[in-house]
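Subject: Structure handover

Hi,

Here is the structure I promised to pass on.

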Amino acid sequence: VLTVFWRRYQRGLAIALLCTGVVGGGAGFLAGESGEKLQHRLPNGHDAAVMHHASYGDTAKALCALLVIMSIVYAAWVWRDKLGMGPASALGRFLSGTWVAVVLGVAVIGLSAAATTWVVLAGHSGAEAVWQKTWTTLPPAPAGGGEQG
């Protein structure tokens, strides 16, 4: 939100957005990947609570991947003049339109909010699945880190 609305510091904040978007979005995506592997190892991996958690996780993973892409696009837009897309070029004139700033601002704020919401929902549903169930011991992880199958 600060990156979109605080124009005076937009360049520096765009770098911060890029870093947090890539790190946070990447971490969310990796958490989803590890959750899928764990689900396959659970003795009751198709339990309703686990499936509910997995559906939140799938959506969160997709939103996190989109957030990474949007962070890169937004930072590139902010730094467009340094990337050779200045007002002298046709692309630079196109990107200088007010509507582009509005669309990109809404997209980056919307994706940030959506990814955060789904990560929280996935975490909460995962906690509920763990604390409301009696779990047996997990089977051993496959040798060599490969997938079972």
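Below is what I found in it, going from the overall fold to a few single residues.

First, the ground rules. This is a predicted model, where local features need pLDDT of at least 70, side-chain atom pairs count only at pLDDT 80 or more, and totals for chains, interfaces and linings use all residues. Residues are numbered from 1 along each chain as its sequence is written, and side-chain values use heavy atoms, with hydrogens and water left out.

Overall fold. The protein chain has five helices and zero strands, so that helices (H or I, at least four residues) and strands (E, at least two) are DSSP runs, numbered from the N terminus. Of its 149 residues, 30% are buried, where buried means under 20% relative accessible area, exposed over 50% and partly exposed in between (1.4 Å probe, protein chains only). Take contacts (heavy atoms within 4.5 Å) between residues at least 6 apart in sequence: 74% of them join residues at least 24 apart.

The helices. α2 has 32 residues and reaches 45 Å from its first C-alpha to its last, close to the 46 Å expected at 1.5 Å a residue; the expected span is 1.5 Å times one less than the number of residues. For α5, with 34 residues, the end C-alpha atoms lie 49 Å apart, which agrees with the 50 Å it should span. The buried residues of α2 include G21, G25, G28 and G32. In α5 the buried set includes L104, V108, L111, A114 and A115.

Packing. The axes of α2 and α3 come within 8 Å and cross at roughly 155°; axes here are lines fitted to C-alpha atoms, for helices over the stretch in contact, and angles run from 0 to 180 degrees between N-to-C directions. These two helices are therefore roughly antiparallel (angles under 35 degrees count as roughly parallel, over 145 as roughly antiparallel, 65 to 115 as roughly perpendicular and the rest as oblique). Their crossing is left-handed, meaning that the near helix is turned anticlockwise from the far one by less than a right angle. α3 and α5 pack at about 155° with their axes 8 Å apart, which makes α3 roughly antiparallel to α5. That crossing is left-handed too.

The core. The largest nonpolar core has 19 residues, and those with the most contacts inside it are M70, Y74, W77, L104 and V108. The elements giving two or more residues to this core are α2 (10-41), α3 (48-78) and α5 (98-131). By nonpolar core I mean a set of buried Ala, Val, Leu, Ile, Met, Phe, Trp, Tyr and Cys residues joined through side-chain atoms within 4.5 Å. Leaving out residues up to four places away in sequence, L104 touches M70, V73, Y74 and W77.

S71 is in helix α3 and is buried, with a relative accessible area of 0%. Beyond its neighbours within four places in sequence, S71 is in contact with L17, L18 and G21. E36 is in helix α2 and counts as partly exposed at 26% relative accessibility. With neighbours within four places set aside, E36 is in contact with D58 and K61. The C-alpha atoms of E36 and A54 are separated by 7.4 Å, although the two are 18 residues apart along the chain.

Cheers
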